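Reader: I have just opened this one and would like a careful walk through it. Could we take it a piece at a time?

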Amino acid sequence: MPESSGNKCVAIMQPYFIPYLGYFQLIHAVDEFILLDDVEYSKGGWYNRNNVLLGGRKHMCTLPVVKTSNYSLVSSRSLVENIEKEKGKIERTINQAYSKSPFYSETRNLIETILHFQDRNLVNFNVNGLKAISAHLGIQTKISFSSDLNIPRELKNVERVLEICRKKNATSYVNAIGGIDLYDQSAFNEQNIQLSFIKMHEIVYEQRQVNFIPHLSIIDVIFHNGISETRRLLDCFDLIK
């Protein structure tokens, strides 16, 4: 979405591994997408795992990370030393899962671009994937890092979001719909920032099985729908103010 004169819309999210369609709708909906890489790593999140469709069921693909302090920053986390072996397992799983999908041939190189990336830093690895998928779909939104802004560590939650918006000269901020009960419009009004929440439409597509399984990694969407239809699905959302 191009930035209008005098207006700038931003979103802030954690750098996840091959996330679902709604994540890319959020990237697509704003002028700048800021990755929150200077916060504590949360075990059990989506930083190093996501679901694909295998044998008619959800299947979790996981990138093993080096064990370290529970209080370490996301930016400091690394993939394990034998990660190439683990990435090979994920690639074979994806090929097995989608080899008969209608857009397998045009999507296979995208998976190689994501998984063959050599950097073991988790953020760098995930950002390469986010940028590769965005380029594949023609999304031109700028992607940047919160760590470049030197936000004080003591600022949390809405205060941190507002400070990031201030430093980015944002006039509007879009959050995932899951945060609709967390943020108060008045706090944003005081900073002359319009707060909106993105809500994905109910999306169903052919998965070659009886019961549709939603919210898998976006690669499931791309393998089954191709570039053109997935681009159309990027616009299937509402902004709630």
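Reader: How do the axes of H4 and helix H7 cross, and within what distance do they come?

Author: Please keep in mind that this is a predicted model. In it, the axes of H4 and of helix H7, which spans residues 218-233, come within 10 Å and cross at roughly 35°.

Reader: Which residues in H4 meet which in H7?

Author: From H4 there are Ile133, His136 and Leu137, and they meet Ile218, Ile222, Ile227, Thr230 and Arg231 in H7. Sorted by class, the contact of H4 with H7 has five nonpolar, two polar and one charged residues.

Reader: What about H1 and H4, at what angle do their axes cross?

Author: The axes of helix H1, residues 21-29, and H4 come within 11 Å, with a crossing of roughly 75°. H1 is therefore roughly perpendicular to H4. On the H1 side, Tyr23, Phe24 and Ile27 meet Leu130, Ile133 and Ser134 in H4, and by class this contact has five nonpolar, one polar and no charged residues.

Reader: What else is Phe24 in contact with, leaving aside its neighbours within four places in sequence?

Author: With those neighbours left out, Phe24 is in contact with Pro19, with Leu130, Ile133 and Ser134, and also with Ile139, Ile218 and Leu234.

Reader: How many residues does the largest nonpolar core have, and which have the most contacts inside it?

Author: The largest nonpolar core has 79 residues, and those with the most contacts inside it are Tyr23, Phe24, Phe33, Ile94, Ile133, Tyr173 and Phe188. Helix H4, residues 122-137, provides the largest share of this core, namely eight residues.

Reader: Staying with helix H4, is Asn126 buried or exposed?

Author: Asn126, which is found in helix H4, counts as buried because its relative accessibility is 3%, and the cut-off for buried is under 20%. Leaving aside neighbours within four places in sequence, Asn126 is in contact with Pro15, Tyr16, Phe17, Tyr47 and Leu63.

Reader: How far apart are Asn126 and Tyr47, in sequence and in space?

Author: Asn126 and Tyr47 are 79 residues apart in sequence, while from C-alpha to C-alpha they are 7.9 Å apart in space.

Reader: Changing topic, how do H2 and H3 run relative to each other?

Author: The axes of helix H2, residues 83-98, and helix H3, residues 104-115, come within 11 Å and cross at roughly 165°, and the two helices are therefore roughly antiparallel to each other. The crossing in which H2 passes H3 is right-handed.

Reader: And which residues meet there, between H2 and H3?

Author: In H2 they are Lys87, Ile90, Glu91, Ile94, Asn95 and Tyr98, which meet Tyr104, Arg108, Ile111, Glu112 and Leu115 in H3. By class, the contact of H2 with H3 has six nonpolar, one polar and four charged residues.

Reader: I would also like to look at backbone angles. What is phi of Ile18?

Author: Phi of Ile18 is near 30°, a positive value in a residue other than glycine. For background, most residues other than glycine have a negative phi. Ile18 is found in the loop between strand S1 (9-13) and H1, and with a relative accessible area of 7% Ile18 is buried.

Reader: Then there is Asn192: what is its phi, and is Asn192 buried or exposed?

Author: Asn192 also has a positive phi, about 60°, although it is not a glycine. Asn192 lies in the loop between helix H6 (185-189) and strand S7 (194-200), and at 66% relative accessibility Asn192 counts as exposed.

Reader: Last one, where does Ser172 lie, and what is Ser172 in contact with beyond its neighbours within four places in sequence?

Author: Ser172 lies in strand S6, residues 172-176, and at 17% relative accessibility Ser172 counts as buried. Beyond those neighbours, Ser172 is in contact with Lys8, Cys9, Val10, Ile193 and Gln194. As for Gly55, which is 117 residues from Ser172 along the chain, the C-alpha atoms of the two are separated by 42 Å.

Notes: Residues numbered from 1 in each chain as written. Predicted model: local features only at pLDDT ≥ 70, side-chain atom pairs only at ≥ 80, totals over all residues. Heavy atoms only, no water. Axes fitted to C-alpha atoms, helices over the stretch in contact; angles between N-to-C directions. Helix = DSSP H or I, 4+ residues; strand = E, 2+ residues; numbered from the N terminus. Parallel < 35°, antiparallel > 145°, perpendicular 65-115°, else oblique. Left-handed = near helix turned anticlockwise from the far one by under 90°. Contact = heavy atoms within 4.5 Å. Nonpolar A, V, L, I, M, F, W, Y, C, P; charged D, E, K, R; others polar. Core = buried A, V, L, I, M, F, W, Y, C linked by side-chain atoms within 4.5 Å. Buried < 20%, exposed > 50% of the residue type's maximum accessible area, 1.4 Å probe, protein only.
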